[in-house]
Number of protein chains: 2
Amino acid sequence: MLNFDFYNPTQILFGQGRIADLNKAIPASAKVLLLYGGGSIKTNGVFDEVMTALGSRQVTEFTGIEPNPSYETLMKAVALIKESQIDFLLAVGGGSVIDGTKFIAAAALFEGGDPWAILEKRGTNITQALPFGTVLTLPATGSEMNSGAVVTRKSINAKLAFSSRHCFPKFSVLDPAKTYTLPVRQIGNGAVDAFVHVMEQYLTYPVNSPVQDRFAEGLLKTLIEEGPKALANPHDYDVRANLMWCATMALNGLIATGVPQDWATHMIGHELTALHGIDHAQTLAIVLPSMLRVRKEAKRAKLLQFAERVWDLREGNDDTRIDTAISKMQDYFEQMGVKTRLRDYGLNSSHISSLISALETHRMVALGEKRDVTPAISQQVLELSL
Amino acid sequence: MLNFDFYNPTQILFGQGRIADLNKAIPASAKVLLLYGGGSIKTNGVFDEVMTALGSRQVTEFTGIEPNPSYETLMKAVALIKESQIDFLLAVGGGSVIDGTKFIAAAALFEGGDPWAILEKRGTNITQALPFGTVLTLPATGSEMNSGAVVTRKSINAKLAFSSRHCFPKFSVLDPAKTYTLPVRQIGNGAVDAFVHVMEQYLTYPVNSPVQDRFAEGLLKTLIEEGPKALANPHDYDVRANLMWCATMALNGLIATGVPQDWATHMIGHELTALHGIDHAQTLAIVLPSMLRVRKEAKRAKLLQFAERVWDLREGNDDTRIDTAISKMQDYFEQMGVKTRLRDYGLNSSHISSLISALETHRMVALGEKRDVTPAISQQVLELSL
């Protein structure tokens with residue numbers, strides 16, 4: 001096992017009816033900025049429940065945080081905070097709203113000039129942030145219980161990540177019943193996103209970490225079991241609860257403790273989103289199967305473990321079991337309604353060179369757990385995904 | 001899944017050489033009270049490493065916190081803190097030193113009269129505590145990453161638990177190499193303690209919580225695999241690291257999320273320690289196998305799952321698999337050097353009635369996940385353990 005630090009102070013309020021507990025979780029005197037995306041929380045009852053729980057607190061609204069939240073949009077919220085003496089942020093939505101709120105929380109108190117520097121320095125220059133909580137409506141990114149975020153700057157087609165120990169939510173409310181009305185596409189994307197988060201921390205090389213491995217495998221098996229049920233029975237509370245808890249646990253730092261991490265699939269996926277607007281989870285579903293096929297030798301030991309423990313494959317030789325496991329994973333993504341080929345999204349071989357250039361521009365030239373995924377290997381991965 | 005709150009802000013600094021990081025983890029201006037038990041940290045190098053890391057900080061020592069730390073001893077530390085204007089506590093040791101330090105941290109700032117009231121009210125009356133960190137030298141109780149503690153009052157033979165969100169360690173240093181020199185008995189006790197902690201949260205009744213179940217099963221399987229290796233090869237770093245991380249994860253609140261909890265075995269065990277001085281883990285090894293046998297019908301579904309997933313038992317009828325699983329668990333405790341019968345500790349049937357009276361005195365009359373473990377059932381459990 002590798003040495004590690006683990007720290008995660010976010011309080012989780014999980015279960016039906018927990019939005020009412022916002023009243024206890026937020027200071028009574030807080031001047032709250034309520035941040036959300038489109039209007040879905042206005043039609044599914046979440047907005048009303050939140051406002052009721054906030055009671056007589058002064059609440060200002062900031063709406064329109066888009067998927068892949070943009071620096072341009074988020075800076076408008078920063079300006080509003082400065083005008084209105086806001087002292088507490090409440091993000092209501094999915095990963096994009098929460099990621100955006102993390103950036104806003106840090107940018108509002110940033111003393112190092114243009115807050116774009118936060119992204120350029122990956123958050124290492126954050127020294128404080130406004131306190132914020134979240135009400136999660138879409139289980140997927142895990143942002144509700146971690147300190148990281150990804151922000152897009154539209155003007156330069158850049159999608160960059162940052163994290164800081166100052167950017168953990170103070171609390172997150174997770175009410176699985178609030179996910180009943182989500183579109184099929186978002187449930188599918190969410191399950192795939194969580195699955196790939198686990199894989200980026202699990203499918204590397206063995207370092208004798210049986211607890212972390214079994215936790216990761218437990219999450220993967222649960223996602224495989226519960227994902228299709230969530231599509232078939234949208235109002236099954238336990239299924240939605242299990243999916244939600246999987247997504248949170250997939251990226252709260254726990255399964256990353258003491259193990260190598262990959263993240264090459266995410267970095268290539270970010271360029272697909274930035275250049276072509278493909279949903280984040282879709283990009284992961286496109287890249288990961290090919291990444292595992294191309295990196296098969298480097299990842300052989302863990303691929304065999306994945307085949308046996310996650311997919312229960314015990315027949316056939318090593319290569320057969322590995323190939324079958326990767327195919328089963330790809331089938332699972334498709335089963336969840338997430339297409340896994342570039343051609344499914346209208347892309348062909350002519351689009352690959354600009355993606356590789358973008359990786360190079362963003363210095364994503366030595367990716368993966370051993371930093372040996374060069375642009376040439378990324379190109380091979382994308383070609384295999386055509 | 002049941003509704004739940006989860007909150008655990010303790011920072012973990014895990015790995016070889018991490019004691020040096022105390023210098024970053026503790027404020028430079030802190031007036032530190034260093035708390036420990038016997039003298040083992042003076043002979044195994046831990047004390048020197050800690051003092052080096054603390055550098056020029058003002059350090060006062062408080063030694064002699066005993067196993068099953070006593071109110072009487074701990075109150076001496078509280079007096080010392082008040083005399084010396086201490087503002088940071090550093091516990092160096094195992095669960096007893098850390099539990100004791102939690103009580104001291106709360107008692108030092110307690111404004112409700114005699115701090116014994118903290119135990120009488122189970123910690124609900126704690127409103128503040130001195131900040132403290134820990135250096136863990138004995139993986140077992142999980143106290144290094146939770147907010148609970150158990151304190152004994154010798155004068156009245158009482159062993160009582162409390163917890164408070166103010167009593168999480170700010171940080172805990174976990175260096176597996178510091179456990180190499182532990183006596184066999186403490187390694188055995190530690191593995192059994194962690195195992196039973198998991199069981200108290202896992203072996204109840206199903207509530208459709210696959211993530212929590214698989215995490216619990218992962219910890220149990222790892223303890224089963226790594227425990228004997230830790231006895232056979234005391235200097236195997238990875239084995240000690242895995243054991244240490246299991247013990248921490250077994251009782252940091254995570255596997256308790258959204259599931260029923262039992263704890264009857266612990267409550268009966270506390271009386272065995274209070275009246276007869278038997279090691280905590282030994283009491284658990286005595287009580288749990290009989291508890292599962294006596295509660296077999298109420299716990300049937302989870303016992304079957306335990307048999308299949310933890311012990312890989314798939315042959316024979318349900319009762320055979322359950323009985324085999326419980327026997328294998330008991331064998332594992334014995335293999336770890338922890339005896340599982342009252343007679344192994346010199347107790348016989350004549351000792352049972354006073355144990356039951358003690359349970360009644362402490363109002364432990366409706367134990368277990370369904371509050372249906374009466375004193376009569378506790379008596380049946382103890383009789384089966386003779």
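This is a predicted model: local features need pLDDT of at least 70, side-chain atom pairs count only at pLDDT 80 or more; totals for chains, interfaces and linings use all residues.
Glu49(B) is partly exposed, its relative accessible area being 29%. Side chains of opposite charge can pair when their charged atoms come close.

The partner of Glu49(B) is Lys178(B), and the closest N and O atoms of this salt bridge are 2.8 Å apart. Glu49(B) belongs to helix α3 (residues 46-54) of chain B, while Lys178(B) lies in the loop between β9 (171-174) and α7 (184-202) of chain B, so the pair ties together parts that are 129 residues apart in sequence. Lys178(B) counts as buried because its relative accessibility, 16%, falls under 20%.

A second pair in chain B joins Glu226(B) to Lys229(B), with 3.0 Å between the closest N and O atoms. Both residues lie in helix α8 (residues 210-232) of chain B; they are three residues apart, which means that about one helical turn separates them. Glu226(B) is buried, at a relative accessible area of 2%, whereas Lys229(B) is partly exposed, at 37% relative accessibility.

A salt bridge connects the side chains of Arg314(A) and Asp312(A), with an N to O distance of 3.0 Å. Arg314(A) and Asp312(A) are both exposed. Elsewhere in the discussion of chain A stands a network of salt bridges, which links Lys296(A), Glu297(A), Arg300(A), Asp319(A) and Asp323(A).

Over all chains, the count comes to 46 salt bridges.

Methods. Residues are numbered from 1 along each chain as its sequence is written. Chains are lettered from A and ligands numbered from 1 in the order in which they are written. Side-chain values use heavy atoms; hydrogens and water are left out. A salt bridge is a side-chain nitrogen of Lys or Arg within 4 Å of a carboxyl oxygen of Asp or Glu. Buried means under 20% relative accessible area, exposed over 50%, partly exposed in between (1.4 Å probe, protein chains only). Helices (H or I, at least four residues) and strands (E, at least two) are DSSP runs, numbered from the N terminus.
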